[in-house]
Amino acid sequence: MVRIWDREVRSTKASLTIVLFALTMTVGVFVLPVHSSFASAPSVPTQTDDGLDPVNLIFTGYAPSWWLAQNLVGWDNTAYCSTPKTIGGAMPNADLEHVDSVGFPCLGPRDHVRIWDMGYSPVFGTWSIGAVHHDKLLCNPLCHHVVDSWENAERDVGQAFASVSVAESVVNYTLGNAGYYQNVYNDGNATLVVLKPPQTTYSVMFNETGLAGGTLWSVTLDGSTILSKSSSIGFTEPNGTYPYSISPVQGYNPSPSEGVVSVNGSAVTELLSFAPSSSPDFTIGSTPRTMSAILGETAMSTINVTVMNGLSGNVTLSESTMPSSSSISCSLSPVEVLVTSSSSSRLSCTAYGVGSYNVTVTAGYNTDSRSVTHTTTVSITFALPEADFTITTLSPAPVDAGKHAVSTITITPVNGFTGPVRLSVEAPSNVSCEATSPDIIETSGNATLSCSSILPGTYEVIITATSGSRIHTQTISIAVNEEETPDGNTSSSLILGIPPTMIYGILGGAIVAILVAGLAMANRASKNHPMGNSTHKIAR
């Protein structure tokens, strides 16, 4: 599956031509064509009829609302508690929510998306549009939902489709509807998802002969195992190539014991035969039989050799690759196993070019009287590592209270990554951080972050870098010291900006002055009322 993230698509004819050329593909029976002119491209509505919600999702290829709802795993119907909303007078055809881990259905916090079917277009196929937001319930005192983000919810929808096989691609599409909706900014970039139609599956039947009635046997097809006591085992698969293996049955030798089934638009039947076994023999199998690995990594599978009917001796192993190529190198360790009840070897393969390979391991048992060989095939696909980026930061040096601590943020592309990386900051309530400069880095580069606090302490600030489905975070520590004054005091030890010793001296002097003044007033009062000079006459 091809996934393209954050490669901005301008809604002009010329740039749309480039993007659709890059995305030209066959989607089931629908072909997304390349046009020299897009005059026939449908007009995409930019907002709901009430002007409160921006359109920020576009689904093309094969994208009716029911198919979108089926593939939005974890999103549930919420039409029963959704406010009516129209586009062109039409109500949404799907109304879904994805509740946050701490939320409740309908109440939130949650992502909430409305989807409208738009019919068929020669350019967009069976297409639809959506308006998605994140909201929470607010009661003051009447309860109602309040939108707090358009972009985060749009990102969540893009991530949901990037993880399913029906999505051919997920890209940015500049719709030109940037602005504030319900007091929350929308950047004007919609997410465009190209989807494939449901796959047609076909019957894959395995019919056996030779087993006694009621004998349990099993088939493993592309990693799925079915057991049965009847003579037939059936699977359903879409077009493709799938490895299979027949599990050993005590006393019987299956033929073939494994192989590859190709499904190409019709049902497939494989005929198997079980022959009674009395001669010493062995079976060979591999775990896993199908692998995917990143170019440069080593893909490993365990080769199991199991004894039947008392075989003893050594089994020699060898490997061969189809298609034969110098781009892949495989080895076995050990190359010879002493068979007891069960023995194993390790197959290791490294590729130097992308591609799919079938590695066949042949096990040979040779004595003077007989020679026996069995094979097992391991399918390996090597792919390029996914393009990504890294974010690195350094915590700034400690600063005094009220001063700015500056940190440098570095974005580095990995494995050919290109695209805009958006930076956002989450800081404690008592720390003030300016927006990063710049807040968007194109592919690689540096940004600066400046934060300050008037309160001493150590604070953690989280920096998030987002590009499509790729999200990376870094945490920096900001140490804020108590501000030191010229006389050596710290800002937290000052009182009204004055050193405590000076404050205490002033207070002490004031108290002494008040006491002296009080004593003086008391002396003056005693002189005005001389009690000892009073004369009293006693009548006789």
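Which hand does the link of Cys330 and Cys349 have about the S-S bond? With 115 degrees about that bond, the link is right-handed.

The model is predicted, so local features need pLDDT of at least 70 and side-chain atom pairs count only at pLDDT 80 or more, while totals for chains, interfaces and linings use all residues. Residues are numbered from 1 along each chain as its sequence is written, and side-chain values use heavy atoms, with hydrogens and water left out.

The link between Cys330 and Cys349 is a disulfide whose sulfur atoms lie 2.2 Å apart, where a disulfide is a pair of cysteine sulfur atoms within 2.5 Å. Cys330 belongs to strand 25 (residues 328-333) and Cys349 to strand 27, so the bond ties together parts that are 19 residues apart in sequence. Strands, like helices, are DSSP runs numbered from the N terminus, a strand (E) having at least two residues and a helix (H or I) at least four. Cys330 is buried at a relative accessible area of 15%, and Cys349 is buried at 0%; buried means under 20% relative accessible area, exposed means over 50%, and partly exposed lies in between, with a 1.4 Å probe and protein chains only.

Strand 27, which spans residues 342-351, also holds Ser345. Ser345 is buried, its relative accessible area being 3%, and its side chain reaches the backbone oxygen of Pro334 at 2.6 Å. Leaving aside residues up to four places away in sequence, Ser345 touches Ser301, Thr302, Ile303, Leu317, Leu332, Ser333, Pro334 and Val337, where a contact means heavy atoms within 4.5 Å.

A search of the whole structure finds 4 disulfides. When the bonded cysteines are counted along the chain, the disulfides follow the pattern 1-2, 3-4, 5-6, 7-8. One of them is formed by Cys81 and Cys106, with their sulfur atoms 2.2 Å apart. Cys81 lies in the loop between strand 4 (76-77) and strand 5 (94-104), and Cys106 in the loop between strand 5 and strand 6 (108-121), so this pair ties together parts that are 25 residues apart in sequence. Cys81 counts as partly exposed at 21% relative accessibility, whereas Cys106 counts as buried at 14%.

Another disulfide joins Cys433 to Cys451, with an S to S distance of 2.0 Å. The pair links distant parts of the chain, with Cys433 in strand 34 (residues 432-433) and Cys451 in strand 36 (residues 445-452), 18 residues apart. The link of Cys433 and Cys451 is right-handed, with 110 degrees about the S-S bond. Cys433 counts as partly exposed at 24% relative accessibility, while Cys451 counts as buried at 1%.

The remaining topic is a sheet. Strands of a sheet pair through backbone hydrogen bonds, either parallel or antiparallel. Here an open sheet of 4 strands has the order 16-13-20-18, with mixed pairing, and two strands are taken to pair if DSSP finds at least two bridges between them. Its edge strands are strand 16 (232-238) and strand 18 (252-255), each of which pairs on one side only. From one strand to the next, the twist averages 25 degrees, the angles running from 0 to 180 degrees between N-to-C directions of axes that are lines fitted to C-alpha atoms, for helices over the stretch in contact. Within this order, strand 13 (residues 201-209) and strand 20 (residues 268-276) pair in the parallel sense over 6 bridges, and Val204 has Val268 in strand 20 as its bridge partner.

Notes:
Polar contact = N/O pair within 3.5 Å; in protein donor to acceptor, adjacent residues only side chain to side chain.
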